[in-house]
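Me: Please show me the structure, and then I will ask what stands behind the terms used for it.

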Amino acid sequence: MSNIYTVFKRELASYFATPVAYVFIVIFLLLAGAFTFYIGNFYERGQADLLPFFNFHPWLYLFLVPAVGMRLWSEERKSGTIELLLTLPITMWQAVVGKFFAAWAFIGIALALTFPVWITVNYLGSPDNGVIFASYLGSFLMAGAFLAIGSCISACTRNQVVAFILTVVVCFLFLLAGYPLVLNAISVVAPQGLVDAVSGLSFLTHFAAIAKGVIDVRDLIYFALTIAFWLYASAVVIDLKKAD
Amino acid sequence: MIETRQLSKRYGELTAVDGITFKVEAGQVLGFLGPNGAGKSTTMKMIAGFLAPSAGSASVCGHDVVADALAAKRVMGYLPEGAPSYGEMTTRAFLHFVAEARGIRGAQRAQRVEDVIERLHLHNVLEQSIETLSKGFKRRVGLAQAIVHDPAVLILDEPTDGLDPNQKFEVRNLINAMAKDKTIIVSTHILEEVQAVCTRAIIIARGKILADATPAELEARSRYHQAVSLTTTNLAGAKDVLSRVADVAAVEYDTVTRRLTAIPKPGREIFAPISELLKSQGIAVNELQLESGRMDEVFRTITHGDLGEDLAEEARA
């Protein structure tokens with residue numbers, strides 16, 4: 001546990017040692033605000049909830065989370081520090097989990113900094129804060145799932161741009177797994193059972209379920225398993241590819 | 001103590017390291033010599049626990065590097081090739097991170113970090129981010145992280161690469177100072193370094209060990225071992241004298257350094273007879289020197305082609 005914390009601390013500090021953190025947070029907050037107030041018509045709707053705010057999170061994450069995830073391992077490989085990190089007396093999973101948690105915590109900080117939106121809606125009306133809390137939780141979990149995918153793809157290449165683009169594509173497919181765009185394509189070649197299974201993998205459906213305010217254990221397990229699976233895959237990929 | 005048995009690494013068709021077996025005891029400094037791409041770094045990466053061997057095994061202080069990886073990593077300090085470090089961190093933060101990851105806690109950590117800062121003269125760059133440091137300082141930071149936990153075993157992949165002569169001298173002194181109670185492997189392609197720090201040298205090429213001996217023994221393999229070289233103004237007279245000594249096998253003249261070298265027949269000593277004959281003939285020499293052997297020539301002979309193979313056979317026999 002203390003090893004995970006050591007890796008976590010170093011990694012999180014490294015975000016704030018470069019402009020990456022500040023650029024990310026400012027852009028995230030600006031876009032989240034713009035989407036909510038201009039495209040989401042927050043005021044015009046006249047309802048005291050944060051639906052227009054949370055509705056855009058999946059799309060915001062689609063581009064911003066891969067930008068955080070892309071450097072997780074490709075930078076370590078490119079600079080050679082992976083050799084340093086993995087010859088310290090820490091295990092592979094401690095390194096993978098420590099780095100992942102740092103990136104996730106960083107996105108969590110950005111998400112927490114959207115609190116003025118919450119204050120605004122409470123000032124204007126009396127929203128159901130339970131639903132808002134659930135939505136924040138769902139949003140955070142979804143960000144973690146995106147990030148875990150990013151971690152794995154970042155482990156595949158030492159080129160951050162490649163990692164970014166591939167992560168966006170994979171995340172996009174997972175986002176829309178429950179929608180005709182993906183399902184129609186699969187149903188051409190796969191049996192109905194597989195099509196149903198894939199539709200169950202959609203980030204959007206699970207996020208929407210939590211964002212309604214219903215924290216279903218199945219949705220939580222879904223995100224936890226997704227994160228665990230992609231982190232496990234990250235460790236496998238790092239092990240396979242560290243030689244080159 | 002480091003021990004490898006038939007250690008091998010294959011990448012598909014390519015065999016980078018091919019059945020390397022050796023043992024290094026505490027107090028020894030083993031120099032790993034070889035041309036680029038010989039398999040030096042790959043061998044070190046396997047011992048450090050970064051790469052898994054395709055075949056064979058390695059152990060550090062009795063801990064197998066695969067089966068008991070964490071225990072092996074704990075007793076080992078490793079400087080990877082190129083001394084990579086986290087560029088955005090300050091020197092101090094980086095050393096503290098490594099010390100913490102190595103399980104050094106509290107006041108002891110502060111003291112250990114202070115100790116390596118002292119040893120590698122890092123005082124002036126403590127608050128600077130590592131990416132802004134010069135190559136020499138980066139290398140020293142890399143060395144500092146390798147020794148911050150005072151490991152019993154040190155693996156240094158080209159520790160003096162990119163350093164200026166003064167820094168090289170300091171790093172060699174540092175290695176010599178630590179050599180007494182530690183097991184150290186140093187890879188290098190600087191031959192003078194082997195003489196300066198190593199008690200033993202392994203020459204490796206194409207993934208195989210071609211020679212395993214002390215630096216002095218390696219020098220003795222040179223055709224220049226026990227050779228006599230001199231400079232003189234009376235070139236013709238000196239040449240004549242050298243050719244008259246019975247045990248001289250050949251005489252060479254280097255037009256650049258204006259140096260005459262007499263190479264002895266194997267196992268013969270020619271210094272005394274040459275010196276006497278020069279005196280009796282009244283030929284004045286500016287300088288008369290007995291050579292111990294030329295490392296670069298031995299290195300070339302061993303690592304090049306067929307002759308190398310012969311020596312490998314000889315080493316195995």
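Predicted model: local features only at pLDDT ≥ 70, side-chain atom pairs only at ≥ 80, totals over all residues.

Reply: Residues are numbered from 1 along each chain as its sequence is written, while chains are lettered from A and ligands numbered from 1 in the order in which they are written.

Me: Why is Gly77(B) called buried?

Reply: A residue is buried if 20 or more other C-beta atoms, placed from the backbone, lie within 10 Å of its own; 12 or fewer make it exposed, and in between it is partly exposed. Gly77(B) has 26 C-beta neighbours inside 10 Å, so it counts as buried.

Me: Which residues does Gly77(B) touch?

Reply: Contact requires C-beta atoms, placed from the backbone, within 7 Å. Leaving out residues up to four places away in sequence, Gly77(B) touches Ala146(B), Ile147(B), His149(B), Pro151(B) and Leu154(B). Gly77(B) and Thr91(B) are 14 residues apart in sequence and 18 Å apart in space, C-alpha to C-alpha.

Me: Where is Gly77(B) found?

Reply: Gly77(B) is in strand E6 of chain B. Strands (E, at least two residues) and helices (H or I, at least four) are DSSP runs, numbered from the N terminus.

Me: What is the order of the six strands in the open sheet of chain B?

Reply: The order is E6-E7-E8-E3-E9-E10, with mixed pairing. Strand E6 (76–79) and strand E10 (208–213) of chain B each have a single partner strand, so they stand at the edges and one side of each lacks a neighbour in the sheet. From one strand to the next, the twist averages 15 degrees.

Me: What makes strand E3 and strand E8 of chain B a pair?

Reply: Two strands pair if DSSP finds at least two bridges between them. Five bridges join E3 (residues 29–33) to E8 (residues 183–188) in chain B, and the two run parallel. Val29(B) stands opposite Ile184(B) in E8(B).

Me: How many residues does each chain bring to the contact?

Reply: Chain A brings 19 residues and chain B brings 23 residues. H1(A) gives the most to the side of chain A that touches chain B, with five residues.

Me: What is the average pLDDT of chain A?

Reply: pLDDT is the predictor's confidence in each residue, from 0 to 100. Chain A averages 90, and 100% of the residues score at least 70.

Methods
Axes fitted to C-alpha atoms, helices over the stretch in contact; angles between N-to-C directions. Contact = placed C-beta atoms within 7 Å.
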